[in-house]
Amino acid sequence: MGIWHDKAAALKADGRAFIGGERVWAKSGQQFENLSPIDGRSLGMVARCDGADVDIAVAAARAAFEDRRWAGKSPAQRKRVLIRFAELMQQHVEELALLETLDMGKPIKYSQTVDVGGAANCIRWYGEAIDKVYDEIAPTPADSLALITREPVGVVAAIVPWNYPMLMASWKIAPALAAGNSVVLKPSEKSPLTALRLAELALEAGLPAGVFNVLPGYGAEAGAALALHMDVDCIGFTGSTRVGKQIMQMAGQSNLKRAWTELGGKSANIVCADCPDLDAAVDAAIGSIFFNQGESCNAPSRLFVEESIKERFIEKALGKVPAYQPGDPLDENTVMGAIVDATQLKTVMGYIEAGRADGARLLAGGKQARTETGGYYVEPTLFDQVDSNMTIAREEIFGPVLSILSFTDVREAVRQANATPYGLHAAVWTADLSKAIQTSRALRAGTVHVNQYDGDDITVPFGGYKQSGNGRDKSLHAFDKYTELKTTWIQI
């Protein structure tokens, strides 16, 4: 079967929570079974944490923050610990990648490079930033000195989704820990294993016990308890817009904790007739929507192609589709893996049926695949003759489904692109510099790509306009979420 199947057969995953530096089961004794979307195999039992466990974890995090076992360390000391944490992640790349692939179904080749590699790079980057971010001195009269300093906010709760479990966790915990906070992380119940292992590696790297705690469990139980907790100072959430709204409400009705959200998207990819490289545009449009099985909040699921080049674009796109047929996620050659679970599979197939019912023209895919494996797979799916009123053009699908729309005036394409509650990513392809700048300015999105898609890194902020959330992950701007600004005015 192959080396990765042998490694998977030998894997023993630990589903216990991580609180105060120790592995523990939920206080209630409740557990849930973790099933792999690859073939339905059991990955073992996982602690089903609830409000009682949240209380214990938050108390551990608070104690760690108040005695300054982490916040009180020098910038150089905290930097060394986070860099060591990143090094340990790279040393355990195969183990972490295997856990990620088995847990949520993505291809093992990408779990190693994108997920472990990207998460370790994020931890390292924020570690390196610790002693390079300076505070400020404000202009004052001669008899005064005014300091503007950043201080850690305190106890940070982080709730992350199942599509990029490790990467999304790193985007939250790295800046929070770098700033000196204590953290309680709740991974999705659909993909808890890498977060739990990261906590062990962080402890091994020198992060003091209690500073980083991980609680697996369901959103309505552990997640809601974190959002409502009176001793959590800040919560960072990545997930659906529906749940993000609930998080904001809970934050407000409890202690008015800072609440930061990175939510859904329905990103528009606009390809003009004067696109400088049509093949590159096709590769990006197809590769970005089918990457990670389409389970990406910034996936360019609405493709606007100028009418005069549309047929040629579609011909080239259809030629790319066979390369994205879903395969065995434990095969190094696979580029599209399994949908995360039966619930999400049903959702994706429901949207495909809605596309057919609304009159869109199915060009490719549209069916479940690899049913004999016991896993959850969907063919790469393309719809043409889509209009902006159709369900598949309005709602986030979170699966390998691309809707193709046409336009004759780029201003109309922008109007349709902006006619959505979301505003996460967008793109425009044109050789006209003025058109590129005007269009990128007109698109209401947190990130606009010009003549590429997904070409960014940890140095730039990630987040959305409108109902795609508030606040930004990545870059130095993420420190804004996990720090408080203090003014100290000194009379000389």
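This is a predicted model: local features need pLDDT of at least 70, side-chain atom pairs count only at pLDDT 80 or more; totals for chains, interfaces and linings use all residues.

User: What does Arg-16 pair with?

Analyst: Arg-16 forms a salt bridge with Asp-14. Their closest N and O atoms are 2.9 Å apart.

User: Okay, on to helix α2. Which residue does Arg-62 meet in a salt bridge?

Analyst: Glu-66. The N to O distance is 3.3 Å.

User: Where do Arg-62 and Glu-66 lie?

Analyst: Both are in helix α2, which covers residues 51–66. They sit four residues apart, about one turn of the helix.

User: And Arg-62 itself, buried or exposed?

Analyst: Buried. Arg-62 has 15% relative accessibility, and the cut-off for buried is under 20%.

User: What about Arg-415?

Analyst: The side chain of Arg-415 meets that of Glu-412 in a salt bridge, 2.8 Å from N to O. These two residues are three apart in helix α14 (residues 410–418), so about one helical turn separates them. Glu-412 is partly exposed, with 32% relative accessibility.

User: Which residues do shared partners join into one network?

Analyst: Asp-14, Arg-16, Arg-23, Glu-95, Arg-197 and Glu-200.

User: Switching to the surface. Which residues make the nonpolar patch of about 380 Å²?

Analyst: Ile-137, Leu-145, Ile-490 and Ile-492.

User: Where is Ile-490 found?

Analyst: In strand β22, residues 483–491. Ile-490 counts as partly exposed, at 33% relative accessibility. Patch residues need over 30%.

User: Last topic, helix packing. How do you describe a pair?

Analyst: Two packed helices are described by the angle between their axes and the distance between those axes.

User: So what are the values for α3 and α6?

Analyst: The axes of α3 (residues 75–91) and α6 (residues 165–178) come within 11 Å. They cross at roughly 165 degrees. That makes α3 roughly antiparallel to α6, because angles over 145 degrees count that way.

User: Left-handed or right-handed crossing?

Analyst: Right-handed, as α3 passes α6.

Note on methods. Residues are numbered from 1 along each chain as its sequence is written. Side-chain values use heavy atoms; hydrogens and water are left out. A salt bridge is a side-chain nitrogen of Lys or Arg within 4 Å of a carboxyl oxygen of Asp or Glu. Buried means under 20% relative accessible area, exposed over 50%, partly exposed in between (1.4 Å probe, protein chains only). Patches are made of residues with over 30% relative accessible area and no salt bridge: like charges are joined within 9 Å, nonpolar side chains (Val, Leu, Ile, Met, Phe, Trp, Tyr) within 5 Å. Accessible areas come from the Shrake-Rupley method with a 1.4 Å probe; for residues, only the protein chains shown count as cover. Axes are lines fitted to C-alpha atoms, for helices over the stretch in contact, and angles run from 0 to 180 degrees between N-to-C directions. Angles under 35 degrees count as roughly parallel, over 145 as roughly antiparallel, 65 to 115 as roughly perpendicular and the rest as oblique. A crossing is left-handed if the near helix is turned anticlockwise from the far one by less than a right angle, and right-handed if clockwise.
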